[in-house]
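This report concerns the side-chain contacts of one protein model. Please keep the sequence and the structure in view while reading.

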Amino acid sequence: MAEAYIVAAARTAGGRKGGRLSGWHPADLAAQVLDALVARTGIDPALVEDVIMGCVGQAGEQSANIGRNAVLASSLPESVPGTSIDRQCGSSQQAVQFAAQAVMSGTMDVVIAAGVESMSRVPMGMPSSLPAKNGMGHYMSPAIRTKYPGPDFSQFMGAEMMVKKYGLTKADLDAYALSSHERAIAATKSGAFNDEIIPIAVKTADGTLTSDLHTADEGIRFDATLAGISAVKILQEGGAITAANASQICDGSAAVMVVSERGLKMLGLKPMARVHHMTLIGHDPVIMLEAPLPATERALKKCGMKIDDIDLFEVNEAFASVPLAWLKATGADRNRLNVNGGAIALGHPLGGSGAKLMTTLLYALKNQNKRYGLQTMCEGGGLANVTIVERL
């Protein structure tokens with residue numbers, strides 16, 4: 001079977017809401033990552049055959065095909081096409097899988113999979129909430145409401161359902177949240193993120209570039225304590241989810257270059273990894289966040305692997321209940337999961353997170369001299385992608 005190889009990966013450091021990346025128009029921010037990827041490989045940018053970009057909030061500054069707009073804002077020639085996809089939080093993980101499928105099909109040789117989200121400039125939920133507030137309808141159609149007569153689909157409701165279903169407690173979630181910060185702190189201090197992060201100049205509110213470079217994830221709380229995390233107010237009466245044990249609102253972008261075997265020879269590049277397996281499933285949209293559990297089981301079964309065959313895991317920390325439930329269901333080694341922290345500490349830039357997690361996974365495999373990595377994410381609508389890579 002034809003192979004798909006990853007030859008480069010990069011991300012911005014996460015920016016907090018209204019923070020160090022909020023001065024960037026999202027198309028320009030994504031363009032910075034595209035340019036950095038081309039610079040790292042040294043390839044002729046005209047050889048890029050497509051840019052597939054994940055983005056959830058495709059409204060306002062992220063509307064009208066942010067993938068193409070990022071290309072036009074970059075140094076890539078206008079002959080390079082671009083498209084935008086929305087698989088909710090898994091958007092740019094799906095971009096990686098679409099890119100791999102494109103080169104494995106033989107129709108393309110060099111594709112960039114990317115993602116971007118400026119949650120400061122395009123608030124979460126705006127593409128659905130803004131039209132609804134102005135009498136332009138809602139995505140929950142009459143047929144959907146007949147089939148699912150409960151309240152609107154809600155990730156917060158799903159996170160609480162996961163807590164109850166898997167016998168978790170608020171103490172479990174808070175302890176996990178602290179460990180996310182502790183791992184992110186250790187990774188930052190040790191320089192584990194240095195090679196994957198591209199420096200981005202901080203812009204003022206009026207768009208003026210400064211000499212200050214953004215090089216460290218802004219959401220990490222270096223003074224985090226269990227007492228402090230535990231004191232944060234729960235989001236609903238009787239629940240366990242708080243802002244401290246859930247992912248942080250974040251601005252950021254990431255990109256991965258995927259090539260065919262022919263592209264590998266043409267470019268003369270050494271691959272970072274080979275895409276070993278890809279799985280995608282649909283699941284219950286009400287509990288919503290549970291899909292990574294059966295998706296992981298299916299992926300391992302399809303490629304003839306066991307959970308212990310995987311050296312490192314990246315499971316998106318949308319809420320602490322997700323990776324904790326995933327650990328219970330899979331029996332995976334906690335010490336292999338999100339070894340450099342996750343979205344609770346580093347932030348979750350929605351459509352940018354898939355490529356971001358893949359970038360972090362690839363560099364963690366390299367730094368630890370490990371072979372196999374697995375990435376999965378919970379996604380709105382009850383979806384989940386699983387991507388397994390082999391470091392080369």
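The sections below treat the basis of the model, then salt bridges, aromatic contacts, cysteines and a surface patch.

## Basis of the model

The model is predicted, so that local features need pLDDT of at least 70 and side-chain atom pairs count only at pLDDT 80 or more, while totals for chains, interfaces and linings use all residues. Residues are numbered from 1 along each chain as its sequence is written, and side-chain values use heavy atoms, with hydrogens and water left out.

## Salt bridges

The structure contains twelve salt bridges (a side-chain nitrogen of Lys or Arg within 4 Å of a carboxyl oxygen of Asp or Glu). One of them joins Arg 20 to Asp 212, with 2.9 Å between the closest N and O atoms. Arg 20 is placed in the loop between β2 (15-16) and α1 (26-41), and Asp 212 in strand β7 (residues 209-214), so the contact ties together parts that are 192 residues apart in sequence. Helices (H or I, at least four residues) and strands (E, at least two) are DSSP runs, numbered from the N terminus. Arg 20 is partly exposed at 25% relative accessibility, and Asp 212 is partly exposed at 34%; here buried means under 20% relative accessible area, exposed over 50%, and partly exposed in between (1.4 Å probe, protein chains only).

Glu 390 and Arg 371 form another salt bridge, at 2.8 Å from N to O. This pair links distant parts of the chain, 19 residues apart: Glu 390 belongs to strand β12 (residues 383-391), and Arg 371 to the loop between α13 (353-368) and β11 (372-379). Glu 390 is buried, at 9% relative accessible area, whereas Arg 371 is partly exposed, at 45%.

## Aromatic contacts

Three aromatic pairs are present. Rings of Phe, Tyr and Trp (its six-membered ring) pair if their centres lie within 6.5 Å; planes under 30 degrees apart count as stacked, over 60 as edge-to-face and the rest as tilted. The ring centres of Tyr 148 and Phe 153 are 5.5 Å apart with their planes at 75°, so this pair is edge-to-face. Phe 313 and Trp 326 are likewise edge-to-face, at 5.1 Å centre to centre and 65° between the planes. Phe 313 lies in strand β10 (residues 312-315) and Trp 326 in helix α11 (residues 321-330), so the pair ties together parts that are 13 residues apart in sequence. Both Phe 313 and Trp 326 are buried.

Charged groups also sit over rings (NZ of Lys or CZ of Arg within 6 Å of the ring centre and within 35 degrees of the ring normal). The charged end of Arg 11 is over the ring of Phe 193, 4.9 Å from its centre, and Lys 203 is over the face of Trp 24, 4.0 Å from the ring centre.

## Cysteines

How many disulfides does a search of the whole structure find? The search returns zero, a disulfide being a pair of cysteine sulfur atoms within 2.5 Å. For Cys 250, the closest cysteine sulfur is that of Cys 89, at 12 Å, which is too far for a bond. Cys 250 is buried, with a relative accessible area of 2%.

## Surface patch

Met 124, Phe 156 and Leu 235 make a nonpolar surface patch of about 290 Å². Patches are made of residues with over 30% relative accessible area and no salt bridge: like charges are joined within 9 Å, nonpolar side chains (Val, Leu, Ile, Met, Phe, Trp, Tyr) within 5 Å. Accessible areas come from the Shrake-Rupley method with a 1.4 Å probe; for residues, only the protein chains shown count as cover. Met 124 is located in the loop between β5 (110-118) and α4 (126-133) and is partly exposed, at 44% relative accessible area.
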